[in-house]
Amino acid sequence: ADSLRALGDRQKLGIGTAVDDAHLGSDQPYTDLVAGQFSVVTPENAMKWESVEPTRGSYDWAAADRLVAFAGEHGQQVRGHTLLWHNQLPSWLTGGVADGGISKDQLREILRKHVTDEVTHFRGRIWQWDVANEVFANAWDPNPLPNGLNGDDFWIRNLGEGVVADVFRWAHQADPKALLFYNDYNIAGQDGSNAKFQAVHDFFGKLVAQGVPVDGIGEQGHLDTQYGFDGQRFQADLQAYADLGLKVAVTEADVRTFVDNATDQVPTSQLAAFAQPYEFSQMLTACQLVDACVSFTAWGVYDGDSWIPGTFAGTGYGLLYDVNMRPKPAYFTLRQDLALA
Ligand code: G3I
């Protein structure tokens, strides 16, 4: 049967996965799945600041370069991830800010250099950059700004909200052809007020109107079957971003369930086992139905190598392949959705 990537190619829809540097190349079955099933790859960690500049002033591009080279050899496009994020920052940076060794002015200059150097290093080889990541407040965050940005975010707190537009400008200068995305979770298809969607929509609508070089919005798509998910609303929200003149992408899809144990990751309930592929399908078909949706990426290849069990204890089963790298119902469901389009 056709691979996901072959089916996606027919409708010009990129089908992606996050790639773990520890497995690529050394783990042959894993490597074969990455090459065979996916047309887009995102480094799960290798392009983050702590990975590329562990020591101030000395870059280590080795892991990220390996993935970009692999993508070139296998006719794949790359999503660069991510330039501005509060997490996985090098300790020399966070430590320097905390102890006053790095001033606000210096921090801004360090950030500008980071964005410029990293985007320049990969110039011409990145399809979409996640320029800024997760700077909007969730309902549970205590200090949202009036426009919905998270006032407690490391970058907003230290450099002010103008930093968001600035990183897009710096990235665009360094690689004018790369598509520049804002990436976040729970910004489409949420139950209730959908306030985070509205804030992101309005904020980037303004940046677009001001001529800031923003090209797209990425909804991560980290779902959990214990919470409600509204596929119609998900599609409507992607379309609303598209109506601002932006591209959209599903960038980090996984759908977790409660599992019996972290090792075999069997769902605890039949209902959850059925909801898992269903919610994956809802996200993919929404993307297929929105013309501006350019790619759909799962956040990892198989359940044996996912961030989920380590972060949400007692849950797992989030990806398209099981712990033994066998395709799951979610895989076959997505293949069918792609084939029927
Ligand atoms: O590199 C060290 C290694 O040297 C050490 O031995 C090991 C022991 O714990 O830790 C390794 O670092 C881990 C790193 O992944 C690389 O494997 C960190 O502890 C671990 O926290 C880190 O987790 C990553 C997480 O981001 C950190 O925030 C996940 O792999 C990655 O999937 C996850 O991805 C994020 C996206 O970037 C943004 N959106 C949410 C998504 C899920 O959290």
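Predicted model: local features only at pLDDT ≥ 70, side-chain atom pairs only at ≥ 80, totals over all residues.

Strand S5 covers residues 179-184, and it runs parallel to strand S4, to which it is joined by 5 bridges. Strand S4 also pairs with strand S3, made of residues 77-84, again in the parallel sense and over 4 bridges. Within this second pairing, Leu-84 has Ala-132 of S4 as its bridge partner. Strand S4 itself spans residues 128-133 and is mostly covered, since 6 of its 6 residues are buried.

Is Leu-334 buried or exposed? Leu-334 counts as buried because it has 25 C-beta neighbours inside 10 Å, and the cut-off for a buried residue is 20 or more. If residues up to four places away in sequence are not counted, Leu-334 touches Leu-4, Phe-280, Ser-281, Leu-284 and Leu-320. The C-alpha atoms of Leu-334 and Pro-277 are separated by 8.0 Å, although these residues are 57 residues apart along the chain.

Finally, consider the protein chain as a whole, which contains 13 helices and 10 strands. Its radius of gyration is 19 Å, close to the 20 Å that the globule rule gives for 341 residues, so the chain is as compact as a globular protein of that length. Of the 341 residues, 46% are buried, and among the contacts with a separation of 6 or more, 72% are between residues 24 or more positions apart.

Note on methods. Residues numbered from 1 in each chain as written. Buried ≥ 20, exposed ≤ 12 C-beta atoms within 10 Å, placed from the backbone. Helix = DSSP H or I, 4+ residues; strand = E, 2+ residues; numbered from the N terminus. Pairing = 2+ DSSP bridges. Contact = placed C-beta atoms within 7 Å. Rg over C-alpha atoms; globule rule 2.2 N^0.38 Å.
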